[in-house]
Every structure is written in C-alpha cells, then in structure tokens.
Amino acid sequence: VYYADGGGVPEVQMDLSGAQTQRVSTGSDGSYAFTGLSRGEYTVTASKTTELGGVNATDALQVVRHTAGLSVFTDANRLLAGDVNGSSTVNATDALKIIRYTAGLDTLPAGDWCFVPWRREYTPLAAAADSEGYVGIRVGDVNGSWSPSAGAGKVAQGAGEVRVWIPDGVLPRGGVVVVPVE
C-alpha cells in the first residue's frame with residue numbers, strides 16, 4: 001500500500017474474506033502478505049484508523065482555491081482527499097470541515113482514510129497476486145503532506161475521550177503540559 005508520494009503506508013489493515021479469512025497489517029514499507037491460501041474466491045479490503053496527521057489549514061486553503069477555480073485539482077487522488085464530506089464533489093463545505101477538523105471540533109464525515117481500490121475480488125485466486133497495489137489516501141490531505149510520523153501531536157476524539165500523542169523528546173522529562181478544556 002503506497003501513498004501519493006510513493007512511500008509505504010504502514011499499519012493498514014488488509015482483510016481477506018472468502019474461501020479463507022485472514023487479517024494482516026502492512027509493514028513500514030506498505031507491504032503485506034497472506035499466507036497458506038488455497039485456490040478459491042477471495043475479497044481483499046483495506047482500512048486504516050491510525051496515523052492521523054497530514055491535514056492542516058493549508059489543505060483547507062487549497063480546497064478554497066480549487067473551489068474558486070484558481071488552482072483546480074486534476075488528480076483523482078487529490079479530488080478524493082478533498083471530498084471530506086463524502087458528497088462526490090470538492091467545495092467550500094469541505095474546506096470548512098477541514099478547518100473544523102484541524103481545530104479538533106469535528107471529525108471528517110468521509111472517514112480518515114480511503115483506498116484505491118478499496119477492495120479487490122479474486123474469482124478465483126489461482127496464483128500469487130504479488131503485484132497488486134493499493135493507494136492510501138489520507139482524507140483531507142490535498143497537499144500530500146502526510147508521512148508515517150505526521151500523526152505525532154494529533155488529537156483523536158471519540159466515545160467521550162480525547163487522546164493526545166506527543167512524540168518522545170518533545171518535552172523534557174518531567175515537563176508539564178497544560179491542556180485547556182472547555
């Protein structure tokens with residue numbers, strides 16, 4: 001599984017269903033493998049819920065420029081990344097959703113990640129399919145700034161909790177972080 005810049009996307013859950021079921025995660029280089037498969041019909045689906053960095057106000061600005069016709073997205077992956085509300089079009093509402101997301105006020109209605117293709121079907125799988133690639137798209141990241149370490153410092157919300165990831169070495173040992181809560 002690769003990102004727009006050609007780098008691997010780690011920690012993508014690859015689910016195999018059909019004649020057998022397996023779940024594996026991609027390695028740091030985006031590679032994965034299902035083992036011990038017999039001939040049969042299979043479906044492979046990709047999903048990811050980690051590594052949430054890469055979305056920022058610059059992305060919202062680029063969506064506004066696209067909407068105004070000043071810098072139109074022509075790449076299908078950028079269009080998918082920009083459609084954060086899942087409306088099948090990129091417009092000012094997407095820019096607003098990106099701003100609200102970066103401020104920690106909202107989630108991205110279209111989810112955090114999408115994949116092209118989002119699934120593959122093998123009917124039947126008769127031989128190794130080792131050249132089958134997926135493109136991982138960080139929803140909201142129209143400028144392609146996501147990297148595997150970009151999730152550091154990102155606030156994730158859900159089910160009555162807020163988790164903050166701070167990379168090692170950012171704070172001195174025993175340092176204090178003040179987090180205002182409204």
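1. Start with D112 and R138: their side chains meet in a salt bridge, at 3.8 Å from N to O. (A salt bridge here is a side-chain nitrogen of Lys or Arg within 4 Å of a carboxyl oxygen of Asp or Glu.) D112 sits in the loop between α3 (92-102) and β4 (113-116), while R138 belongs to strand β6 (residues 135-138), so the pair ties together parts that are 26 residues apart in sequence. Helices (H or I, at least four residues) and strands (E, at least two) are DSSP runs, numbered from the N terminus.

2. Before you go on, keep in mind that this is a predicted model, where local features need pLDDT of at least 70, side-chain atom pairs count only at pLDDT 80 or more, and totals for chains, interfaces and linings use all residues. Residues are numbered from 1 along each chain as its sequence is written, and side-chain values use heavy atoms, with hydrogens and water left out.

3. How buried or exposed are the two partners? R138 is buried, with a relative accessible area of 0%, and D112 is partly exposed at 23%. The cut-offs: buried is under 20% relative accessible area, exposed is over 50%, and partly exposed is in between (1.4 Å probe, protein chains only).

4. The salt bridge count comes to five. Among them is D106 with R100, at 3.5 Å from N to O; R100 is partly exposed, at 33% relative accessible area. Another pairs D15 with R23, whose closest N and O atoms are 2.5 Å apart, and R23 is exposed at 57%.

5. Now have a look at α3, where D94, A95, I98 and Y101 are buried. Viewed down the helix axis, the buried residues of α3 fall within an arc of 125°, so they line one face of the helix. (The arc is that of the directions from the helix axis to the C-beta atoms.) They pack against α1 (57-67), α2 (76-82) and β6, contact meaning heavy atoms within 4.5 Å.

6. What about the ends of α3? At its start, a side-chain oxygen of N91 comes to within 3.0 Å of the backbone nitrogen of T93. After the helix comes G104, with a positive phi near 80°.

7. Finally, T50 is in the loop between β3 (40-47) and α1, and is partly exposed at 29% relative accessible area. Leaving aside neighbours within four places in sequence, T50 is in contact with E11 and W113. T50 and V12 are 38 residues apart in sequence, yet 8.3 Å apart in space, C-alpha to C-alpha.

Definitions and conventions
A polar contact is a pair of N or O atoms within 3.5 Å; within protein, one must be able to donate a hydrogen and the other to accept it, and residues adjacent in sequence count only if both atoms are side-chain atoms.
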